[in-house]
Amino acid sequence: MDQFVAGSDQDTSGRLLNNPKQRGPMDRSPHIVFAPAEVIGNRRNAQLAATLDLVFDRHPAYRQLTKTEALSRNDLQSIDDLSKLPVTTKTDYMNSPEDYRLEANGLSPEEAATWDVMHTTGTTTGKPTPFYSTAYDFYRILSVQEGMMRLRGVDADDVIANLFPLTVWPHGAYARVPHAAAALKIPVINTLPGNPSEHFGHGSGMDDVIGLVERHRATILWGVPSYVRRVLIRAAELGADFSSVRHVFITGEAAPETLRKDFTDRLSTLGANKVFVSISYGATEMQGGMVECVPGSGFHNPAPDQFHISIVDPENHQPLSPGKRGMVLLSHLDRRGTVLLRYALGDISVLADGPCPHCGSSTDRLIETPTRMDSLLKIRGMLVNPALMEDILLAEPSVSEYQMVVERQNPDDPLSPDRLRIRIAGEAPNIAEKIKAATGVTPEIEFSDAQKIYAPGDTLKSKRVIDRRD
Ligand SMILES: [Zn+2]
């Protein structure tokens, strides 16, 4: 936790500066600035060296690399050398999670003691994958959570309402909110929404949750977007007073800008103005998430001395420079339980070049909302995110229907170049240029009748993206 000097305008540690001109989202809280890039870089390499010593000795999966890839410990001298390692996929980890856990025998008590086990969800078999944290890791998770809170502008007067439900398999969402509060020594109300099991009798109905937020004058609502939204809608029906709220922290589901506006509008009718809706790119493998410091600032690595985030080419896995779109990799620099190196989180995004212009932090920052790799289209060799095109089309008020079709220019020739055709009902001036600017691919635009693109009743819902190349 020594990388932070909260609320201070002085460089007391020599590690970070808190610039009073770059305050929190509503000028109410100081933001932190991590240590200068070269200081962080040295610390990262030192932590990684200690972790790698253990990995080569005690990590069943990576120890294999000495045989299969003919790699030795000496081949990995700095963070840049991590690119010599193969990428670890979710499938690799899920198939044998025990092989990604350091052998604890002979380590110090803190490094050996299993503190907790969280789980990733959504495997194809339905069986969750364990993610082990030792006591040593738990102490660092507190720093991850503190980093998230400081970046988001939380201060000593805040009160958290934990709106995550309990899950059967322990999961970082519900479980880490009290730890975030502990790291900052601030109060938290664990509202326990719903009743996840017939064996459980401590759940709260939605009206009770709303009552708890009001009674404790919560300043932070923290949960998944769909549930938080239901709370806001119901709170308006009840005429609740949410004037204490100044932050909404959301994670776990897609959160487009329209949702952020929806939240701030609803909160303003509940008496809460100037609310910062902060989105997190969360991962079990971080036991936290990369967060925004102000709306649209990008997702900041909350613990640069623990995590290294890199972007690589999805096909050859070579590192890409900042500003280039590619696959997001996470490497643990300082863990003792489950340890993952060059681990593909399964998303595509872009790293920023340089410190955040809003808070000044020198830390890895993803400047494009991460997109699941399987939702991307490869068109003429470019990775294209259909959601980006949809955003552009939805911003045209007169566009009532649209559809994106990817096909071969000559359907009978498998080597024929790709063609992106966008069918639009309505007016859309300069739309091809706008899409080219966002995606790098020039589409052919075809104006059509809305009924021809999508006739309600014929199918359950419209098909927005059609790929005819398979
Ligand atoms: Zn920032």
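Predicted model: local features only at pLDDT ≥ 70, side-chain atom pairs only at ≥ 80, totals over all residues.
A salt bridge is a side-chain nitrogen of Lys or Arg within 4 Å of a carboxyl oxygen of Asp or Glu. Aspartate 241 lies in the loop between helix H9 (225-238) and strand S6 (247-250), and arginine 217 lies in the loop between helix H8 (206-215) and strand S5 (220-223), so the pair ties together parts that are 24 residues apart in sequence. Aspartate 241 is partly exposed, at 36% relative accessible area. Arginine 217 is also partly exposed, at 38%.

Across the whole structure, the search finds 37 salt bridges. One of them pairs glutamate 285 with lysine 90, at 3.5 Å between the closest N and O atoms. Glutamate 285 sits in the loop between strand S7 (276-283) and strand S8 (288-291), and lysine 90 belongs to helix H4 (residues 90-95), so this contact ties together parts 195 residues apart in sequence. Glutamate 285 is buried, with a relative accessible area of 2%. Lysine 90 is partly exposed, at 24%.

Aspartate 334 and arginine 140 also meet through their side chains, in a salt bridge of 2.7 Å from N to O. This pair links distant parts of the chain, 194 residues apart. Aspartate 334 is in the loop between strand S11 (325-332) and strand S12 (343-350), while arginine 140 is in helix H6 (residues 135-152). Aspartate 334 counts as buried, at 3% relative accessibility. Arginine 140 is partly exposed, at 22%.

Note on methods:
Residues numbered from 1 in each chain as written. Heavy atoms only, no water. Helix = DSSP H or I, 4+ residues; strand = E, 2+ residues; numbered from the N terminus. Buried < 20%, exposed > 50% of the residue type's maximum accessible area, 1.4 Å probe, protein only.
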